Amino acid sequence: MSSVMKTAIPRTADPLLIDGVEYQSRLLVGTGKYKDMDETRAAIEASGAEIITVAIRRTNIGQHAGEPNLLDVLPPDRYTYLPNTAGCYSAEDAVRTCRLARELLDGHNLVKLEVLGDEKTLFPDITQTLEAAGTLINDGFKVMVYTNDDPIIAKRLEEMGCVAVMPLAAPIGSGLGIRNPYNILTIVENASVPILVDAGVGCASDAAIAMELGCGGVLMNTAIAGAQNPVLMASAMKKAIEAGRESFLAGRIPRKRFASASSPLDGTFFG
Amino acid sequence: MELIINGNPEQLPEGINAAELIERMGLANERLAMEVNREIVPRSSFATHIFTAGDHIEIVRAIGGGSVTPR
């Protein structure tokens with residue numbers, strides 16, 4: 001009997017490229033809403049994420065006394081920090097937040113721009129987003145921008161010089177999944193910068209679907225932090241992102257209405 | 001003199017500089033950033049930046065956050 005040799009599937013390097021920097025993980029995660037710093041660290045580690053979003057807030061709020069600092073738990077030399085303008089409702093506040101973040105992080109200029117329009121939907125305010133993006137790009141920032149799933153606006157943000165465009169899949173924190181896959185597909189097909197789904201993912205299959213549409217990655221927070229077991233969900237999301245990416249690269253079979261046999265029809269010994 | 005620090009009016013001695021304020025607030029070893037009247041004051045200038053009465057000072061740090069809005 002001949003020996004059976006298992007060969008590893010040759011995998012070519014497939015990094016996510018943002019503004020010329022390579023990232024091995026296509027899962028980007030937020031660091032909010034966790035029970036405590038231990039859970040934050042464990043979930044972020046299980047996710048395998050290299051890029052993590054942080055919020056910029058006044059020193060007198062947002063942290064319990066005696067709790068370790070986020071920058072000690074998730075050291076900036078190990079993770080790429082992505083300061084987030086979440087909570088900003090005007091271009092001016094978003095620009096101020098990014099400038100403070102750059103000062104805080106020693107000149108680090110990669111930011112996530114998010115200008116919200118409304119507290120109920122947390123949908124982006126596109127006119128303010130465009131204004132802030134222009135100001136930030138002129139000021140030397142590398143802008144990853146949260147937007148709605150409008151292909152026209154997504155292309156405009158790319159043309160302005162945003163280094164990644166991040167359409168929502170569904171409202172922030174809603175867990176409703178990819179509500180408009182055809183728009184996401186159109187945005188991906190039109191783009192020459194990475195398109196990352198940002199917001200709306202609820203479970204691992206949602207993340208896989210985003211990747212199968214050809215997205216460069218997915219940014220999520222609530223789907224992991226709000227799960228009953230956040231560390232396990234972080235691990236599930238890591239696998240879903242990898243599976244979805246491989247499925248996209250492999251190229252799926254076409255959908256057909258009727259069956260097609262997968263065993264040869266010749267050489268049957270019965271009838 | 002009165003300074004508005006993170007939205008709260010506070011009484012501070014005349015001539016206090018940014019480094020002294022940070023020290024008084026117990027934040028000397030924290031990684032933070034400061035904005036005075038909407039302009040960034042670099043950390044390298046803290047020791048020489050002297051406040052004037054009525055200055056609006058924001059002192060911020062990085063905390064956990066994502067596509068959610070801790071307010």
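A search of the whole structure turns up one cavity of 30 Å³ or more, a cavity being a set of points on a 1 Å grid over the protein atoms alone where a 1.4 Å probe fits but cannot get out. The largest cavity has a volume of about 40 Å³, where volume is the space filled by probe spheres set on grid points joined across faces, edges and corners. The model is predicted: local features need pLDDT of at least 70 and side-chain atom pairs count only at pLDDT 80 or more, while totals for chains, interfaces and linings use all residues. Residues are numbered from 1 along each chain as its sequence is written, chains are lettered from A in the order in which they are written, and side-chain values use heavy atoms, leaving out hydrogens and water.

**Around the cavity**

- The lining of the largest cavity includes A:Pro151, A:Ala154, A:Lys155 and A:Glu158, along with A:Val165, A:Ile187, A:Asn190, A:Ala191 and A:Ile195; a lining residue has an atom within 4 Å of a point.
- In chain A, α5 (151-160) and α6 (181-190) each supply at least two residues of this lining; helices are DSSP runs of H or I with at least four residues, strands are runs of E with at least two, and both are numbered from the N terminus.
- The largest share, four residues, comes from α5(A).
- By type, the lining divides into six nonpolar, one polar and two charged residues (nonpolar: Ala, Val, Leu, Ile, Met, Phe, Trp, Tyr, Cys and Pro; charged: Asp, Glu, Lys and Arg; polar: the others, Gly among them).

**Helix α4 of chain A**

- The 13 residues of α4 (residues 126-138) should span 18 Å at 1.5 Å a residue, and the end C-alpha atoms are 18 Å apart, which agrees; the expected span is 1.5 Å times one less than the number of residues.
- Buried residues of α4(A) are A:Ile126, A:Thr129, A:Ala132, A:Ala133 and A:Leu136 (buried means under 20% relative accessible area, exposed over 50%, and partly exposed in between, with a 1.4 Å probe and protein chains only).

**Loop residues to look for**

- A:Leu122 sits in the loop between β6 (110-113) and α4 of chain A, and is buried with a relative accessible area of 13%.
- Most residues other than glycine have a negative phi.
- Phi of A:Leu122, however, is positive, near 55 degrees.
- B:Asn37 also has a positive phi, about 50 degrees, although it is not a glycine.
- B:Asn37 belongs to the loop between β3 (33-36) and β4 (39-41) of chain B, and is partly exposed at 41% relative accessible area.

**An aromatic pair**

- Over all chains, the search finds one aromatic pair.
- The ring centres of A:Phe269 and A:Phe270 are 5.0 Å apart and their planes stand at 80 degrees, so the pair is edge-to-face (rings of Phe, Tyr and Trp, the last by its six-membered ring, pair if their centres lie within 6.5 Å; planes under 30 degrees apart are stacked, over 60 edge-to-face, the rest tilted).
- Both A:Phe269 and A:Phe270 are exposed.

**Chain B at a glance**

- Chain B has one helix and five strands, following the pattern β-β-α-β-β-β along the sequence.
- Of the 71 residues in chain B, 46% are buried.

Notes
1 Å grid on protein atoms, 1.4 Å probe; cavity = no way out; pocket = protein on both sides within 12 Å on 5 of 7 lines; lining within 4 Å.
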